[in-house]
Amino acid sequence: LDQAIPKYLCNYYYYPKECYLTEDEFKKWEKLYLQSGWSDDEDEESDKGRIFGAMARILGSAEDKLRVLENILPTDPDSRAHTLFFCGDNKDNHEVRDIEKTARILTERGWTPTKITCEESQEQRRGILNNFVEGRTDGLLSIRVLDEGIDIPEIRTAYILASSSNRRQFIQRRGRVLRKLDGVPDKEAKIYDFVVMPPETNSNAAKKLIEKELNRVEQMSSKALNKDEADNFIKERARK
């Protein structure tokens, strides 16, 4: 980032948004944590990938994230254009996916969201992306399809509702929104990152979860224009 901003990537603001696991969600996550033989840079493609994947899905689907999202969504229609939402890939007990729950909230708030997943054909994706770039839709929801290989420099705002601790993934996701836009030399992006905290407990698993999430905040905010705000966020949570 030191080398890329501002020559190849644009400046950005980073806003970590705190949300909490329920007692039940944390118990499930803690049980998997104890089985995992935790690694600080776990790889979901490793031998224990299924355990780490299940842990990531619990965090990605935390119920509190949707409450926080509803509270921070802009009400001004002019602030909605070219907004990207990275969603989790989990389903609830009624087989409703996280991406569908997010789309429902946006629709209720007057947005015109569209989804791009592994289910769409290449032709359908081109149409979806074209409508998004041209401003006919204002919220683009994705699970993992946009992690790499697709550049949409028009994106100005990203909400990261789900993120693994795989460093490559969150570097790629940050890069989605930081692409420079031809003809707009002063483009500045906004990234809202949903940071998951455990319920009140002093267990080793809870401390590890906090450490994991705050480590991502530190890295994601490393070159943000408002880095001091993220530093204060980290200090306050670490102090608790």
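User: How do you know at what angle helix H1 (residues 23–36) and helix H2 (residues 49–60) pack?

Analyst: In this predicted model, H1 and H2 pack at an angle of about 160°, with their axes 9 Å apart. Axes are lines fitted to C-alpha atoms, for helices over the stretch in contact, and angles run from 0 to 180 degrees between N-to-C directions. Helices are DSSP runs of H or I, at least four residues, numbered from the N terminus. Residues are numbered from 1 along each chain as its sequence is written. Local features need pLDDT of at least 70, side-chain atom pairs count only at pLDDT 80 or more, and totals for chains, interfaces and linings use all residues.

User: Why are H1 and H2 called roughly antiparallel?

Analyst: Angles over 145 degrees count as roughly antiparallel. The angle here is about 160°. H1 and H2 are therefore roughly antiparallel to each other.

User: What lines the largest pocket, by class?

Analyst: Its lining has 5 nonpolar, 6 polar and 10 charged residues. Glu 25, Ser 61, Glu 63, Asn 90 and Lys 91 lie nearest the centre of the largest pocket. Lining residues have an atom within 4 Å of a point of the pocket, an open set on a 1 Å grid where a 1.4 Å probe fits, with protein on both sides within 12 Å along at least five of seven lines.

How values were computed. Heavy atoms only, no water. Helix = DSSP H or I, 4+ residues; strand = E, 2+ residues; numbered from the N terminus. Parallel < 35°, antiparallel > 145°, perpendicular 65-115°, else oblique. Nonpolar A, V, L, I, M, F, W, Y, C, P; charged D, E, K, R; others polar.
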